[in-house]
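Dear colleague,

Please find below the structure that I am handing over to you. My notes on what was found in it follow directly after.

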Amino acid sequence: MRLRRLLLADKPSDQGRILENIIYLELKRRYREVFVGTLGANEIDFVALENTVPHYYQVALTTREESTLLRELAPLKAIRDNHPKTLLTLDRDPPANFDGIKKINAIDFLLDPKSIETL
């Protein structure tokens, strides 16, 4: 652990990667298939398949800045289907819904698989 801190100095970007890895591992536990998605120039952090039905996930440490929120929502808004789309952050804000894209706290998601269904 000390070597990691010396090399990375707990940069916020490192925290974002750690959060993405945690979410990835949880998605692998919940779904049969999980992969990174692309749609044109957009990257969707994770596409999880449940009985061939995709569930789309974006992961960010925070989306408190409007520019960050818009950047994280853009890939999900570009998807033109009606399958579940979720933005996971560490923000302790109440759950929100942006044109069908659910934003919830990542810790709530990790602790309660049904937390997505509350919106």
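Lys-85 has its place in strand E4. Please keep in mind that the model is predicted. The relative accessibility of Lys-85 is 8%, and Lys-85 therefore counts as buried, since buried means under 20%. Two backbone oxygens may be noted around its side chain. That of Asp-81 lies 2.7 Å from a polar atom of the Lys-85 side chain, and that of His-83 lies 3.1 Å from a polar atom of the Lys-85 side chain. When neighbours within four places in sequence are left aside, Lys-85 is in contact with Tyr-56, Leu-76, Ile-79, Gly-100, Ile-101 and Lys-102.

The largest pocket holds about 280 Å³ of space. It is lined by 15 residues, of which Tyr-31, His-55, Tyr-57, Pro-113 and Ile-116 are the closest to its centre. Strand E3 (53–59) and strand E4 (85–89) are the elements that give two or more residues to this lining. By class, the lining of the largest pocket comprises six nonpolar, three polar and six charged residues.

The second largest pocket has a volume of about 200 Å³. Among the residues that line it are Gly-16, Leu-19, Glu-43, Val-59, Thr-68 and Arg-71. At least two lining residues come from each of helix H2 (12–30), strand E2 (42–50) and helix H3 (66–77). The lining of this second pocket divides into four nonpolar, three polar and five charged residues.

With kind regards

Note on methods:
Residues numbered from 1 in each chain as written. Predicted model: local features only at pLDDT ≥ 70, side-chain atom pairs only at ≥ 80, totals over all residues. Heavy atoms only, no water. 1 Å grid on protein atoms, 1.4 Å probe; cavity = no way out; pocket = protein on both sides within 12 Å on 5 of 7 lines; lining within 4 Å. Points joined across faces, edges and corners; volume = space filled by probe spheres on them. Helix = DSSP H or I, 4+ residues; strand = E, 2+ residues; numbered from the N terminus. Nonpolar A, V, L, I, M, F, W, Y, C, P; charged D, E, K, R; others polar. Buried < 20%, exposed > 50% of the residue type's maximum accessible area, 1.4 Å probe, protein only. Polar contact = N/O pair within 3.5 Å; in protein donor to acceptor, adjacent residues only side chain to side chain. Contact = heavy atoms within 4.5 Å.
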